[in-house]
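Colleague: Could you show me the model and talk me through its salt bridges?

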Amino acid sequence: MQGVLTGFAVIAVVIAVGYAIGRRGYLGDQGREVLTKLAFHVASPALLFTTLAQTDLSVIFSSRLLVTALSTAAAAGVFVAVGVVRHWGVGRTTIGALCSSYVNSGNLGIPIAVYVLGDASLVAPVLLFQLVGVTPVALTILDLSGKGEKGPLWRRLLTPLRNPIAVGSLAGVAVSATGLRIPAPVLDPLTLIGGMSVPAVLLAFGISLCGSTMPGRGPDRHPVFLSVALKSVGQPAAAWALAAGVFGLRGAPLLDVVVTSALPAAQNLYTYASSYRVAERLARDSILLPTVISVPVLVVVAALLG
């Protein structure tokens, strides 16, 4: 239980600092936008590159990862289906699908993996799947749904290579796959820059809460409620059903996949929404509410399966 409480406490404190900064106006009117751009274009690509470049890619070949992929697809698929029927639009539906299925495997998943599951490497398959599989696809959809959609075919096909987060992820995978060793004078500055990513995202998220209405209200309330229900209940339930019923996982492996699936939506999804200027309120509320709800959810999961 300590890992759950510690992880959420760290996030809450940094978001609260961002909120205080926003209330005081220390960073001016453009503070949130500057932090968002810093995270999206500079710090996050550096963090993803240094993380994946030093990760053993053999961890992706496991039944646990397959359960994660299928439960992610199930939660996102339900949101997409409803979004198509309700005509929510490509951008809003994409952001909502991400918030329904993209777990916080980094700044929250790591401490929970250490204190609850006993092994930080258990979040690596989820991290790799999201960074290498989900993120490039989702960001490409967001790119193509905007102004670039009418460009020439060759330019549209190269869309993932123009996205800094996708480039950082794929470059890290390439380095790991080839076994290259990055010299310390090159790796250390990138590691230092990447260290700004999570604080920048959380601070920007805290600033965004200033002057905002209560979550779950306004025109996005229906997509928000659907996203929260899928992320907090639907995805972990799907992971449990697949792991136990289809793959026959028991004990620690079953606990691992259900706990990681029950993690709330990642804060960097707000960065994506803000960078593309689409569904920002949906992203904010769909991150904030599951982050609060997932505390008792994770406690119950750990108690029942631990």
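This is a predicted model: local features need pLDDT of at least 70, side-chain atom pairs count only at pLDDT 80 or more; totals for chains, interfaces and linings use all residues.

Modeller: Residues are numbered from 1 along each chain as its sequence is written, and side-chain values use heavy atoms, leaving out hydrogens and water.

Colleague: How many helices and how many strands does the protein have?

Modeller: Both are DSSP runs, helices (H or I) of at least four residues and strands (E) of at least two, numbered from the N terminus. From that end on, the elements run α-α-α-α-α-α-α-α-α-α-α-α-α-α. The count is 14 helices and 0 strands.

Colleague: How many salt bridges are there?

Modeller: A salt bridge needs a side-chain nitrogen of Lys or Arg within 4 Å of a carboxyl oxygen of Asp or Glu. Glu33, Lys37 and Arg277 are linked in a network of them. By this rule the count is 7.

Colleague: Arginine 64 and aspartate 256 form a salt bridge. How many residues apart in sequence are they?

Modeller: Their N to O distance is 2.8 Å. Arginine 64 lies in helix α3 (residues 63-86) and aspartate 256 in helix α12 (residues 251-261), so the pair ties together parts whose separation in sequence is 192 residues.

Colleague: Is aspartate 256 buried or exposed?

Modeller: Buried means under 20% relative accessible area, exposed over 50%, and partly exposed in between (1.4 Å probe, protein chains only). Aspartate 256 has 7%, so the word is buried.
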